[in-house]
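Please keep the sequence and the coordinates at hand while going through it.

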Amino acid sequence: MIDFEKLKDALVKAATAAGIEQYEIYFKTARDAMAEALGDEISGFSFGVSGGICFRCIFGGRMGYASTELMTTDEMRELVLRAVENAKHIESDDEVFIYPGSSEYGKKTAQPVEFPDAALLKNNALALQQSTYAKSKSVTDGTQSRVFAYETETRIFNSKGLSLANTAGMTGGFVRAVVKVDGESADDYDYALGCGLDRLLPLSERAVAGARAKIGAVEIESGKYDVIIDGRQMLNLLAAFSTVFSGKSARLGLSLLAGKEGSEVAAPCITICDDPFDPNCPMQTTFDAEGVAVYTKNVVEKGVLKTLLYDLSNAKKAGTRSTGNASKGSYADAVDISPLCLSIKPGACSLEELFQIALGGLYVTEIKGLHAGANYATGDFSVECAGFLVEDGQRGRPVKSFTIAGNFYGLLKSITHVGSKVEYGIPSGYTVFASPAVLARNISTAGK
Amino acid sequence: MLNKHLLERVLLRTMASGADFAEIFAERSHSSAINYIDSKIESIYDNTISGVGIRAFLGVRTVYASTTDISEDGLMLCAASVAEAIGDSSVKSNILLCERIFPNIHPVRIVPSAALTGFAAELLRAGCVAAAEYDKRIIQVQGSLTSKDRNILIANSEGLYTTDRSVRTRIVISAIASDGTENQSGSTSPGRLMGLEFFEEHIPEELGRMAAAQAITNLEADYCRAGRMPVAIESGFGGVIFHEACGHSLEATSVAIGASQMAGKLGQKIANKKVTAVDDGTIPNAWGSINIDDEGNPACRNVLIEDGVLKSYMIDRLGSRRMGLPVTGNSRRQNYSYEPTSRMTNTFILNGPDKNSDIIESIEFGLYAKEMGGGSVNPLTGAFNFSVREGYMIRGGKICEAVRGASLIGTGSQILMDIDMVGQNLACGQGMCGSRSGTIPTDVGQPLIRVSSITVGGR
């Protein structure tokens with residue numbers, strides 16, 4: 001067990017000895033476990049306990065950082081010295097802050113998640129795997145099921161008297177079904193939050209059906225197509241370009257949304273909301289990485305940019321207030337800006353209605369390569385896709401190996417209809433993305 | 001890092017319930033990052049990671065646990081948890097660890113440290129300033145200089161006890177060019193398995209100007225036309241095409257469970273006869289090199305494909321058990337919290353028989369991909385994608401106007417056959433490869449090659 005109080009006391013003592021008046025201690029611990037099934041047995045089980053501490057302080061008007069996983073009192077003294085040394089070489093004249101605390105913090109809507117024992121994870125991973133094989137004789141080698149659990153605790157303590165703690169956790173399952181039909185292999189996957197069989201077993205049906213539906217996929221001619229982007233793919237696009245909503249990116253010329261508050265940046269059917277208390281998001285926190293209270297806000301409302309996202313320093317530069325979006329990818333990272341639960345709000349159309357409205361075109365159910373094929377600084381994307389033709393207002397034949405290309409800013413303006421069912425991604429830290437399916441017009445597509 | 005006798009006790013505890021193999025991977029690493037943006041050093045931070053991963057096998061079943069608690073109690077608790085999860089019998093065994101020292105084939109002269117932070121910051125600044133001054137349309141320059149000093153200890157139930165230290169240094173410079181209505185970017189990101197002597201060969205100012213020039217080229221370029229066409233892919237990071245299209249499909253991670261298009265194809269012709277490709281972790285100071293892999297096996301040079309015929313996979317210990325083939329020195333992981341698996345080191349296509357000029361002149365209409373971005377692959381189907389960071393159209397055998405926004409997609413088995421010309425200017429580029437054992441440094445490489453036909457994504 002890591003004794004946070006003992007480490008904190010050592011840091012405070014070392015900071016005082018070094019003459020540091022403004023400092024913050026950011027402490028994060030986590031535990032995780034995952035069972036994996038392969039073939040007809042549990043092939044692997046892993047679990048981990050981790051923890052790290054980050055000390056940052058204002059020295060000479062600059063913010064110095066240092067962090068460690070070595071939880072000894074000697075290391076705490078080193079940490080203070082390293083943070084001071086790092087601050088000495090910083091040149092940025094951005095005003096930096098140690099935050100005294102918000103007057104009020106919101107209330108989480110997510111229910112606490114009980115960390116399951118190993119037996120439950122293994123049993124349910126095996127049940128998911130068996131269920132997947134039972135769906136079709138075409139299910140074959142390479143099919144994998146995983147069930148996982150994760151929980152984390154974050155604490156912030158600073159020289160302004162702030163002392164906050166938050167715990168959050170989630171469980172989930174994943175299945176990748178591999179099928180072989182007439183010598184042709186295909187795979188598909190599905191995931192869900194929650195580790196009960198009621199949540200997990202339906203994944204088998206969807207993954208197997210999804211994989212089988214890809215058999216016999218055709219290639220399409222290059223050209224311009226109306227494209228329905230599935231909710232899970234649209235949320236990945238939103239995630240890839242979420243940095244464009246950062247006030248820091250805008251200030252530094254890395255987002256074309258700079259100065260566009262109040263302007264139309266998307267089609268009128270698009271509202272994008274950052275809601276840290278969305279009940280579908282299990283990884284909730286009441287405060288951001290600087291201790292500022294998080295809250296719900298529309299970033300884009302009916303196509304109009306309402307606000308960018310800010311931490312304390314960038315808000316000050318922009319002449320506004322923090323939106324409670326300071327973030328740290330890990331305990332060791334410097335403070336950055338991220339959304340919490342960023343979602344495109346649902347429209348009125350079912351998926352079937354989107355097919356009928358589009359009449360023709362493409363239904364994109366898989367996008368790959370966003371990490372390389374999406375450039376947030378330019379908004380450009382060109383990514384590998386798979387999906388289906390839309391023929392006569394219905395989902396048609398499967399399509400493979402094509403790309404869609406465009407610009408994210410343009411894409412937001414080309415959306416004419418929004419689906420009614422919102423899909424959620426798997427949270428990463430306290431950040432998650434969500435989107436319904438959207439119908440975008442006239443998208444450049446490369447095929448055969 | 002940890003007492004040998006304690007390690008023996010931890011291994012015994014791990015195996016107490018019937019595991020047939022146990023392994024301890026201990027790590028203490030220090031990393032630092034200096035970040036530049038908006039004409040200033042914006043942030044500097046460093047981090048020490050410290051922890052242990054304990055793994056047990058029973059046949060091909062594995063249990064892996066990691067902890068930051070490296071006290072004796074913490075390690076014994078972790079070992080007991082692994083033992084409880086792997087089996088339920090009661091076994092007593094003896095383990096006598098015997099130290100093995102592997103030669104250091106990657107000498108380091110200037111280890112990055114706090115004392116050199118100012119010096120390193122000056123190097124980064126020099127590169128970023130050169131990028132900013134390259135053209136008045138460069139509106140922003142971002143840079144980072146990162147280093148990692150990794151110290152590992154590996155002990156296993158077969159008696160192995162060994163340690164290794166590796167130091168890596170990398171600089172990344174990204175430039176943004178704007179004409180007032182749109183932005184375009186360019187970047188460069190070399191790295192080596194060495195210390196700050198890296199900058200004796202890599203001049204920061206030249207790197208900055210390369211990034212800026214690419215951004216300006218892209219700003220002035222029109223969008224690439226979409227469709228199928230022949231593509232000439234330049235040396236260096238162009239090798240990402242082999243890394244993605246074939247390399248991942250040769251890792252035991254997917255081959256051993258039958259989830260690779262390359263499973264069961266040893267000895268078969270899988271590529272054009274002009275293609276010979278290797279994975280070589282022994283290249284002195286290369287970005288993806290190692291002294292030992294993360295299971296304690298020495299680095300190897302493995303010929304993967306020779307004259308188009310599949311010769312070898314990349315195999316870790318678990319893959320070896322599943323496949324009945326020997327390990328190849330390819331077991332890697334991001335850090336102690338990840339279970340290791342088979343990964344690439346420095347993977348590249350060797351020089352071929354064709355003159356580079358002949359390759360360009362052979363293309364009547366196609367794309368010249370001068371600089372590639374990253375990509376990904378589905379090893380089962382071999383379907384891959386890459387982005388093209390800097391590209392030009394080829395018309396009548398000549399490199400013509402710049403184009404932007406291109407991507408390449410296809411399947412590995414097809415593209416390996418379609419590499420019909422292989423040039424003679426082998427060079428490597430540096431990347432970070434992500435897979436189930438985390439993100440690790442790898443080199444990709446090749447000479448200029450021609451792919452006879454591939455789908456180019458564009459507008």
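In chain A of this predicted model, six strands make up an open sheet with mixed pairing, arranged in the order E10-E9-E8-E13-E19-E18. Strand E10 (304-305) and strand E18 (423-424) of chain A have a single partner strand each, so they stand at the edges and one side of each is left without a neighbour in the sheet. Within this sheet, strand E13 (residues 341-344) and strand E19 (residues 432-435) of chain A run in the parallel sense and are joined over three bridges, with Leu342(A) standing opposite Phe433(A) of E19(A).

Chain B likewise contains an open sheet of six strands with mixed pairing, in the order E13-E12-E11-E16-E23-E22. The edge positions belong to strand E13 (309-310) and strand E22 (427-435) of chain B, each of which pairs on one side only. Strand E16 (residues 346-349) of chain B pairs with strand E23 (residues 438-446) of chain B in the parallel sense, over three bridges, and the bridge partner of Thr347(B) in E23(B) is Val444(B).

Parallel pairing also occurs across the two chains, where strand E2 (residues 41-59) of chain A meets strand E3 (residues 61-67) of chain B over six bridges. In that pairing Ser46(A) stands opposite Tyr64(B) in E3(B). The table collects these parallel pairings.

| Strand | Partner strand | Bridges | Residue pair |
|---|---|---|---|
| E16(B), residues 346-349 | E23(B), residues 438-446 | three bridges | Thr347(B) and Val444(B) |
| E2(A), residues 41-59 | E3(B), residues 61-67 | six bridges | Ser46(A) and Tyr64(B) |

The contact as a whole draws on 65 residues from chain B and 57 residues from chain A. On the side of chain B that touches chain A, the largest share, 12 residues, comes from strand E2 (residues 40-58) of chain B, and the residues of that side divide into 23 nonpolar, 32 polar and 10 charged.

Taken by itself, chain B holds 10 helices and 24 strands. Its radius of gyration of 24 Å is close to the 23 Å that the globule rule gives for 459 residues, so chain B is as compact as a globular protein of that length. Along the principal axes, the C-alpha atoms of chain B fill a box of roughly 75 × 55 × 35 Å. Buried residues account for 63% of the 459 residues in chain B, and among its contacts with a separation of 6 or more, 75% join residues 24 or more positions apart.

One helix of chain B, H5 (residues 204-220), has 17 residues and reaches 25 Å from its first C-alpha to its last, close to the 24 Å expected at 1.5 Å a residue. H5(B) is mostly covered, with 12 of its 17 residues buried, including Met210(B), Gln214(B) and Leu219(B).

What surrounds Glu371(B)? Apart from its neighbours within four places in sequence, Glu371(B) is in contact with Gln214(B), Glu234(B), Phe237(B), Arg389(B) and Glu390(B). The C-alpha atoms of Glu371(B) and Ile233(B) are separated by 7.9 Å, although these residues are 138 residues apart along the chain.

As for confidence, the mean pLDDT of chain B is 95, and 100% of its residues reach 70 or more, while the model scores ipTM 0.90 and pTM 0.93.

Conventions. Residues are numbered from 1 along each chain as its sequence is written. Chains are lettered from A and ligands numbered from 1 in the order in which they are written. This is a predicted model: local features need pLDDT of at least 70, side-chain atom pairs count only at pLDDT 80 or more; totals for chains, interfaces and linings use all residues. Two residues are in contact if their C-beta atoms, placed from the backbone, lie within 7 Å. Helices (H or I, at least four residues) and strands (E, at least two) are DSSP runs, numbered from the N terminus. Ala, Val, Leu, Ile, Met, Phe, Trp, Tyr, Cys and Pro count as nonpolar, Asp, Glu, Lys and Arg as charged, and the others, Gly among them, as polar. Two strands pair if DSSP finds at least two bridges between them. The radius of gyration is taken over C-alpha atoms; the globule rule is 2.2 Å times the number of residues to the power 0.38. A residue is buried if 20 or more other C-beta atoms lie within 10 Å of its own, exposed if 12 or fewer, and partly exposed in between; C-beta atoms are placed from the backbone. pLDDT is the predictor's confidence in each residue, from 0 to 100. The expected span of a helix is 1.5 Å times one less than its number of residues.
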